Amino acid sequence: MDESELIAAAQRGQTDAFNELVLHYQSQVYNLAYRIMGDPAAAADATQEAFISAYQSLDRFRGGSFKSYLMRIVANQCYDELRRYKRQPTTSFEAFGDVDEEANPALINGDEGPESHLQRQQMSHVIQRGINTLPADQRITLVLADVQGMAYKEIADATDVALGTVKSRLARARAKLRDYLRQETELLPAKYRLEGESTV
Amino acid sequence: MKGLTKQEQDDRNELLSAYLDHQLSAEERARLERELAQDSALRRELEALRETVNLVQDLPQAELPRNFILPERTPQRHPPEPEAHLTSDRPRAWLAPLLTAATTIVSLLFVVVLAGDLLLAGLGQTAALPERTEPNVLGVEVADTEVVEEPAVQVATPPGRIATPGDEIGERGEESVPDADEELPQRPPRPTPTRPVGMEGGAEPTEAPDDKAEAATTAEPPAEQESQAANGELTMEAERARDTGEPDERRPTPTQAVAIAPPAEEGRSAPEEEETYVVESPRQATRRFLLRVAEIGLGGATLILVFVTLRAWRARRR
């Protein structure tokens, strides 16, 4: 069955059909949640909730991009989680910035040497911490645009804001992250420092 | 970037960010590229931003900790979401007092219109009642018709007593329903008389003795007076038309339902001459139709408002 047939079957209540869609999209959905939440456990919870929510509200899906539909739901799920953590900081939200390689072995690339791997891990760590410093709306916009590669219009649809708002949020998020990385990458090798001269 | 305000810095960042994503118009792009060619600091900003975007895009894909397939018995539908209450129930709850007031007003309007309609219909029925019990009494549907009485009748009516169709029928005896066509040439134009309303298949009113007509007259309800007063305008016009010999446009046409009393017999005194027109004019028919429409509309609106108000109060209690 193709995607539209799976969606139609899932709308009729066939969980198996929906699980086919889950298997196809779960990696992208989890990655989005992971980059927004910055924590594997929180990302897994948000992903599971997003899939349940997507299945239960599938009758509202009226065609279009199913991927955008899922991304919108997981982005909203993460946004709600972030607000909840902000209101009830009993869970160490600060720890979200500490990307734990052991907890997320996927970040390890077996083809690179130990030193290169360590540097890349450090850089990923710094970038994720930088992302975690952003306000929730800017963070989600940045991840949707630069991690998921979504167009401005798709982001506007997914986050229910105007196109201009997407542009301004993305610009601010990038500028803040750039300033953050400038400070944090001074101790990293030159190739990781933000010292680019213009080559336009 | 020194010397720029925060707003200017934000604007510049937005321009650079959109430039990286090819979201600028040709004109904006050309202008920015001219600035970049002249401003090394701006070039550094752009490159730093470009590297930042590249770093984020190069972040490794996180590996799944597990599968996220749903269990077989996952329910299909959502329970009502809290957001849904914000957009539907909450405003209804907030509107509950307003809806209550609106329901009250519309209900009162409905009752007033209904009562008015019933009252007028009741008058008509009251006036028509003797027609069924007393064969010689003309039925006059006050609510649906206009009663036109010649001024002479008013004069002839004894004080404290109101002239009714029964009077002239009783006094006229068997000649109460003559062929009115014979009268037309001798009088100003007036509607073609027909049999009185309600007497089509019944007994001839002419057989009723006068004393019964008198009884019917005295038993007439006071509402009859109101109907006659309400029709005073038409009565005056009828009188004027007869005096001047001009046709009265408001008089009934042959196609209208007309109940007309017979003309006075020769030899009878003028005060005894009584004529009664029972006319349903188009205006009255329209008025009655509008009244019905108003009743239906107000009744429906009342029901809907009651339903919505109850829901609003239920939502408010939640």
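In the predicted model, buried residues, defined as those with 20 or more other C-beta atoms, placed from the backbone, within 10 Å of their own, make up 42% of the 200 residues in chain A. For chain B, the corresponding share is 28% of 318 residues. Because the model is predicted, local features need pLDDT of at least 70 and side-chain atom pairs count only at pLDDT 80 or more, whereas totals for chains, interfaces and linings use all residues. Residues are numbered from 1 along each chain as its sequence is written, while chains are lettered from A and ligands numbered from 1 in the order in which they are written.

Secondary structure was assigned from DSSP runs numbered from the N terminus, with helices (H or I) having at least four residues and strands (E) at least two. Chain A contains eight helices and zero strands, and its order along the sequence is α-α-α-α-α-α-α-α. Chain B holds eleven helices and three strands, arranged along the sequence as α-α-α-α-α-β-α-α-α-α-α-β-β-α.

Contacts were taken as pairs of residues whose C-beta atoms, placed from the backbone, lie within 7 Å. Of the contacts in chain A between residues at least 6 apart in sequence, 63% join residues at least 24 apart; in chain B, 77% of the contacts with a separation of 6 or more involve residues 24 or more positions apart.

Helix α3 of chain A, formed by residues 40-56, comprises 17 residues and spans 24 Å from its first C-alpha to its last, close to the expected 24 Å, the expectation being 1.5 Å times one less than the number of residues. Buried positions in α3(A) include A:Pro40, A:Ala46, A:Phe51 and A:Tyr55.

Technical notes
A residue is buried if 20 or more other C-beta atoms lie within 10 Å of its own, exposed if 12 or fewer, and partly exposed in between; C-beta atoms are placed from the backbone. Two residues are in contact if their C-beta atoms, placed from the backbone, lie within 7 Å.
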